[in-house]
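Q: Could you take me through this structure one feature at a time, giving the general idea before the case at hand?

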Amino acid sequence: MTTVQSSREFHLDRATHGDVIAHARSDFPYEVCGLLAGRDGALTKHYRIPNAARSMTFYNMDPKALLAAMNEMDDNDWDLLGIYHSHTHTEAYPSSTDVELAFYADAVYLIVSLQDPDRPHIRVFDIVEGRINERTLVVDGEQRTTR
Amino acid sequence: MGIEVRVPTVLRKHTDGERRVSGDGDRLGELINDLGDRHNGLRDALVAHDGSLHRFINVYVNDEDVRFIDGIDTPLSDGDVVSILPAVAGG
């Protein structure tokens, strides 16, 4: 498995960035998960989706909540821009399970790490056919370097 | 009339980009076989070698998850809407 630092960026506004971290903290030590929808790359809606697994090491988006979100995106012609979940005890890097189950190649995968609870951080990846490419996260125009 | 099937982006490569297709079948498995005859690769994307639905594919009939009905044997009627979504899961 190789990781390439790509020149591609992923943009988030500060409010959504904060909301995603707040969501991750809300069910600690369990993993949380959610979706980011948008149009032309601009965010239109943040969905908090229940983790049906309610586990510290696994997430599986609640199927009914997932369908409702996807149908709303479809009805509004929004794209699925991002899929996020938290790692409560490990770094913000895709696990082998994350790579194996990355079925949505058109979306980016955001991982929120709470490994250091005082310094939660988000990293963003494209995961396509087993290959991981990290994107640069830009929050309100400010580049976040997390390593 | 048949059964309408909502196809997610990731599976539209099997349906020439169509987001909705239609098919026939008295049960979900029959519908999938019918679709598979016309949409190459779709059956294998949904059904495992043992004939059950793949673990990480969600299939819904009228928004109900078929895991809580009869899985691949879930009965269908004309006018039903079947939705398919790969699970969003990981570790």
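Q: Where is the place of Asp78(B)?

A: Helices (H or I, at least four residues) and strands (E, at least two) are DSSP runs, numbered from the N terminus. With those terms, Asp78(B) sits in the loop between strand 4 (64-65) and strand 5 (81-86) of chain B. This is a predicted model, in which local features need pLDDT of at least 70 and side-chain atom pairs count only at pLDDT 80 or more, while totals for chains, interfaces and linings use all residues. Residues are numbered from 1 along each chain as its sequence is written, chains are lettered from A and ligands numbered from 1 in the order in which they are written, and side-chain values use heavy atoms, with hydrogens and water left out.

Q: Is Asp78(B) buried or exposed?

A: Buried means under 20% relative accessible area, exposed over 50%, and partly exposed in between (1.4 Å probe, protein chains only). Asp78(B) counts as exposed because its relative accessibility is 51%.

Q: Which residues form a negative surface patch?

A: Patches are made of residues with over 30% relative accessible area and no salt bridge, where like charges are joined within 9 Å and nonpolar side chains (Val, Leu, Ile, Met, Phe, Trp, Tyr) within 5 Å. The areas come from the Shrake-Rupley method with a 1.4 Å probe, and for residues only the protein chains shown count as cover. Lys and Arg count as positive and Asp and Glu as negative, whereas His and the chain ends are not counted, and the place of a charge is taken as NZ of Lys, CZ of Arg, CG of Asp or CD of Glu. Here Asp24(B), Asp26(B), Glu30(B) and Asp78(B) form such a negative patch.

Q: What should I look for in the backbone?

A: Most residues other than glycine have a negative phi, and most peptide bonds are trans. Arg54(A), although not a glycine, has a positive phi of about 30°, and Asp140(A), also not a glycine, has a positive phi of about 50°. Asp140(A) belongs to the loop between strand 8 (131-139) and strand 9 (142-144) of chain A. The peptide bond from Phe28(A) to Pro29(A) is cis, with omega near 10°, and Pro29(A) is found in the loop between helix 1 (14-26) and strand 2 (33-39) of chain A.

Q: Which residue of chain B forms a salt bridge with Asp77(A)?

A: Asp77(A) forms a salt bridge with Arg19(B), with the closest N and O atoms 3.8 Å apart. This pair crosses between chains, from the loop between helix 2 (63-76) and strand 5 (79-87) of chain A to the loop between strand 1 (3-6) and strand 2 of chain B. Asp77(A) and Arg19(B) are also linked with Asp74(A), Asp75(A) and Arg6(B) in a network of salt bridges.

Notes:
Salt bridge = Lys/Arg side-chain N within 4 Å of Asp/Glu carboxyl O.
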